[in-house]
Amino acid sequence: MLLSHISKIFKKPHFPLSTPTIFISLAALTATLLLLTGERCFGATYYAATNGNDRNNGSLSSPWRTIETSIAKLRPGDTLYLRGFRELHQIEFS
């Protein structure tokens, strides 16, 4: 009795593996991966610090010095982290 139920389970798929089903599954997986990776897919991460230099590349180990120069080098989707700045800045974006 138990073996006949087990054999029925393995003979019949619980859901049909048709092309639309596989496509929807792959689309859902892709969307999930994009959401989990977040901003990393869409922009770069840069750093500005009080001990940096505006001729640096903006990496964590070679940060930029001024906020204004850093913002001028950013592209849409990029992230700028500020380290060590204590002054209030008023910055206009255009």
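This is a predicted model: local features need pLDDT of at least 70, side-chain atom pairs count only at pLDDT 80 or more; totals for chains, interfaces and linings use all residues.

Analyst: Residues are numbered from 1 along each chain as its sequence is written, and side-chain values use heavy atoms, with hydrogens and water left out.

User: What makes up the chain, in helices and strands?

Analyst: Three helices and two strands. Their order from the N terminus is α-α-β-α-β. Helices (H or I, at least four residues) and strands (E, at least two) are DSSP runs, numbered from the N terminus.

User: Why is A48 called buried?

Analyst: Buried means under 20% relative accessible area, exposed means over 50%, and partly exposed is in between (1.4 Å probe, protein chains only). A48 has 0% relative accessibility, so A48 counts as buried. This residue lies in strand β1. Of the 94 residues of the chain, 13% count as buried.

User: Which residues does A48 touch?

Analyst: Contact means heavy atoms within 4.5 Å. Not counting residues up to four places away in sequence, A48 touches P63, W64, S70, L80, Y81, L82, R83 and F85.

User: What places S70 among the buried residues?

Analyst: Its relative accessibility is 0%, so S70 is buried. S70 sits in helix α3 (residues 67-73). Beyond four places in sequence, S70 is in contact with A48, W64 and L80.

User: What does the side chain of S70 reach?

Analyst: The backbone oxygen of T66, at 2.6 Å. A polar contact is a pair of N or O atoms within 3.5 Å; within protein, one must be able to donate a hydrogen and the other to accept it, and residues adjacent in sequence count only if both atoms are side-chain atoms.

User: Why is the pair Y46 and W64 called stacked?

Analyst: Rings of Phe, Tyr and Trp (its six-membered ring) pair if their centres lie within 6.5 Å; planes under 30 degrees apart count as stacked, over 60 as edge-to-face and the rest as tilted. By this rule there are two aromatic pairs. In Y46 and W64 the ring centres are 4.9 Å apart and the planes are at 25 degrees, so the pair is stacked. Y46 is in strand β1 and W64 in the loop between β1 and α3, so the pair ties together parts 18 residues apart in sequence. W64 has 3% relative accessibility, so W64 is buried.

User: How do you know that Y47 and Y81 are stacked?

Analyst: Their centres are 5.5 Å apart and their planes 25 degrees apart, and the pair is stacked. Y47 belongs to strand β1 and Y81 to strand β2 (residues 79-83), so the pair links parts 34 residues apart in sequence. Y81, at 39% relative accessibility, counts as partly exposed.

User: Why is S62 called partly exposed?

Analyst: Its relative accessible area is 24%, so S62 is partly exposed. S62 lies in the loop between β1 (45-49) and α3. Leaving aside neighbours within four places in sequence, S62 is in contact with N56 and N57.
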